[in-house]
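Me: Got a model here that I'd like to talk through. Can you take my questions as they come?

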Amino acid sequence: MRQTPWQRALLYTVVVVWSFVCLFPFYWLATTSLKTPLAVSRGPRYLPTVDYQPTGEHWQYLLNDQRDSLLRHFRNSLIAATGSTLLALVLGSMGGYGLARYRYHWRHLLNWRNHDISFWIISQRFLPPALFVVPFLLLFSQLNLVDTHLGLILAYTLFNIPFAVWIMRDFFVNLPIDLEESALVDGATAWQTFVRIVLPLSTPGLVSVAIFSFVFSWNEFLYALMLTNYEAITLPVLIAGQNNTRGIQWWYISALTLAAVTPVVLIGLALERYITRGLTAGAVKG
Amino acid sequence: MAGPQSTVPEAAGTDRAHERSFKRIFLLPAVFYLLLLSVFPTVWSLGISFTDSQRGARTTSEESAGFLGTGVQLTARNYVRMLSDQRLHTAALNTIVFVVGGVLLQYGLGFLLALVLHQQFVGRNLARVIFLMPMMVTPVAAAYMGRMLFDTRISPQAHLQRLLSSLTGTEISIPWLSEGTWATAAIILIDSWQWIPFMTLLLLAGMQGIPEEIYEAARTDGATAFQILRQITFPILLPLSITAILIRGLEIFKIIDVIVVTTGGGPGSATESLTMYLFDTALTFGNYSYAAAISFALLLLVILFATLFLTLGRRIAGQNSQ
């Protein structure tokens with residue numbers, strides 16, 4: 001469609017304004033991490049070296065003095081997110097494959113078929129996490145899983161599985177079936193077909209699942225706060241905890257926040273098309 | 001939703017018992033996982049909500065055998081208490097305000113930005129990546145960014161408000177985060193900053209799926225851009241919009257992290273959400289049974305919202321297609 005100059009101007013105005021809205025908080029975070037406490041408290045300063053003297057002091061404090069603490073929390077986040085992602089990938093792709101290629105009929109259990117099972121699985125993703133606060137507190141302390149990586153992995157996987165099953169089922173349904181049929185005719189078992197033929201063809205779906213699971217687990221707050229108290233504390237809880245100690249140290253929090261956010265934002269930007277693909281699985285086709 | 005269901009192994013005619021075992025092997029691990037960590041805890045929690053169990057409290061097994069000899073007395077006390085708990089009512093109302101406000105803002109702006117990204121222009125791919133960025137940020141981090149930018153002393157708002165004050169001649173100072181209504185607005189804005197990209201991406205994908213011929217036909221008939229939007233794009237995207245709004249709404253019902261970081265539920269309990277109140281009840285006060293009861297009230301609210309919204313959505317969609 002041809003655009004008039006006015007439409008073009010309007011278009012670019014919206015794009016520029018919204019890009020500014022998206023980017024300015026990141027800019028403010030980055031510059032605040034370079035300000036001295038005085039430069040922060042004396043009202044807004046915009047440009048390093050122009051209206052304030054930048055300092056690398058807070059980054060030095062974060063990366064030298066607080067190095068061990070930062071690395072430990074980073075490691076906790078990484079282990080919890082990776083562990084849960086792997087578990088969701090395995091269980092999700094298996095479940096999704098089952099639902100895409102077999103007909104289930106639970107005659108003795110509510111008379112459910114594939115459609116009902118799929119709906120039940122995805123509905124688990126939308127249950128309020130608050131529903132599990134009390135039982136998980138009791139269950140996890142009974143099993144000595146409080147403040148452990150395994151505890152976090154188990155809790156996160158519960159929320160990652162539904163989405164993983166959903167995306168993978170959608171992916172497998174759209175995968176041409178011929179290769180699987182010929183593999184079966186050649187005498188491969190269903191499991192061998194799945195592992196050697198179907199999975200290698202499903203990388204895009206698996207990448208979508210991996211991003212969503214990883215980002216969800218990396219960013220999760222409620223269960224991390226509830227199920228950890230020292231050893232396994234993840235980055236979001238560490239950041240939120242900066243609230244209470246010795247007033248708010250914006251400069252230090254900014255450096256810490258930027259350090260915690262950067263890896264996930266970079267992953268997201270690099271794999272942007274897989275995110276769109278994962279979001280639209282199911283939703284667009286209704 | 002239901003794609004073409006094909007049954008490879010049956011078609012290939014392999015050994016039946018074998019094939020049935022594979023059928024189970026694929027699906028059952030995921031199903032068992034959800035049964036163990038979702039269904040079982042839910043049922044257990046429902047039981048707890050009918051007791052008066054507290055952290056550190058001794059069970060009353062010496063007094064009586066209790067329900068089914070488990071030593072637990074069943075009581076509906078928690079549910080009765082909810083009826084007169086003012087703080088709970090405030091939290092429920094706040095949560096609903098967060099959901100409705102957030103969904104409206106995110107859908108409106110998300111739709112507009114999707115329309116923009118659907119146009120052809122130089123730098124479109126870059127714009128799409130920039131628009132996506134907020135969605136990747138840890139909500140706790142987004143909340144800190146928001147708190148910093150809503151602080152009227154240290155953020156550019158200080159200059160903005162001074163400018164506005166001198167222009168209008170009256171003192172303009174917005175008490176973001178320190179006054180109930182403004183704090184609610186601030187939290188909705190932070191959540192929206194982060195999640196507008198979700199709406200944009202989803203609606204953009206929907207727009208890209210509309211065949212170009214429909215637009216061309218409308219244009220030859222002399223339809224204006226606004227008419228096309230109102231009578232073609234919007235109705236076609238309605239089912240997708242309903243799904244997107246439902247997903248976002250259900251997500252906002254869970255809100256806690258943004259509030260913890262920005263206002264801590266205050267001033268007073270003006271921005272406290274249900275999840276936050278529940279968390280406080282369970283962890284600070286150790287009142288497990290009441291917290292469990294609240295979680296079922298929240299679940300009920302969520303189900304009510306979903307049902308109401310879907311019914312309403314279907315009705316609007318039905319009218320549109322007539």
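Me: Among contacts in chain B between residues at least 6 apart in sequence, what share join residues at least 24 apart?
Reply: 71% of them. Two residues are in contact here if their C-beta atoms, placed from the backbone, lie within 7 Å. Keep in mind that this is a predicted model: local features need pLDDT of at least 70, side-chain atom pairs count only at pLDDT 80 or more, and totals for chains, interfaces and linings use all residues. Residues are numbered from 1 along each chain as its sequence is written, while chains are lettered from A and ligands numbered from 1 in the order in which they are written.

Me: OK. How many helices and strands does chain B have?
Reply: 13 helices and 0 strands. Those are DSSP runs numbered from the N terminus, with helices being H or I of at least four residues and strands E of at least two.

Me: And how much of chain B is buried?
Reply: Buried residues are 38% of its 322. Buried means 20 or more other C-beta atoms within 10 Å of the residue's own, with C-beta atoms placed from the backbone; exposed means 12 or fewer, and partly exposed is in between.

Me: What about H6(B), covered or open?
Reply: H6(B) is mostly covered, with 11 of its 11 residues buried. Among them are Pro139(B), Tyr144(B), Arg147(B) and Leu149(B).

Me: Which helix of chain A does H6(B) cross?
Reply: H13(A), residues 250–270. The axes of H13(A) and H6(B), residues 139–149, come within 10 Å and cross at roughly 145 degrees. Axes are lines fitted to C-alpha atoms, for helices over the stretch in contact, and angles run from 0 to 180 degrees between N-to-C directions.

Me: Which residues make that contact?
Reply: From H13(A), Trp250(A), Ile253(A), Thr257(A), Ala260(A) and Val261(A); from H6(B), Ala141(B), Tyr144(B) and Met148(B). By class they are 7 nonpolar, 1 polar and no charged. Nonpolar covers Ala, Val, Leu, Ile, Met, Phe, Trp, Tyr, Cys and Pro, charged covers Asp, Glu, Lys and Arg, and the others, Gly among them, are polar.

Me: Zooming out, how many residues does each chain put into the contact?
Reply: 84 from chain B and 81 from chain A. On the chain B side, helix H2 (residues 16–49) gives the largest share, 16 residues. That side has 62 nonpolar, 17 polar and 5 charged residues.

Me: New topic: which domains does chain A have?
Reply: Domain 1 is 1–55 and domain 2 is 63–279, with bounds from an automatic or database domain assignment. Their centres, taken over C-alpha atoms, are 34 Å apart. Domain 1 puts 7 residues into their contact and domain 2 puts in 6.
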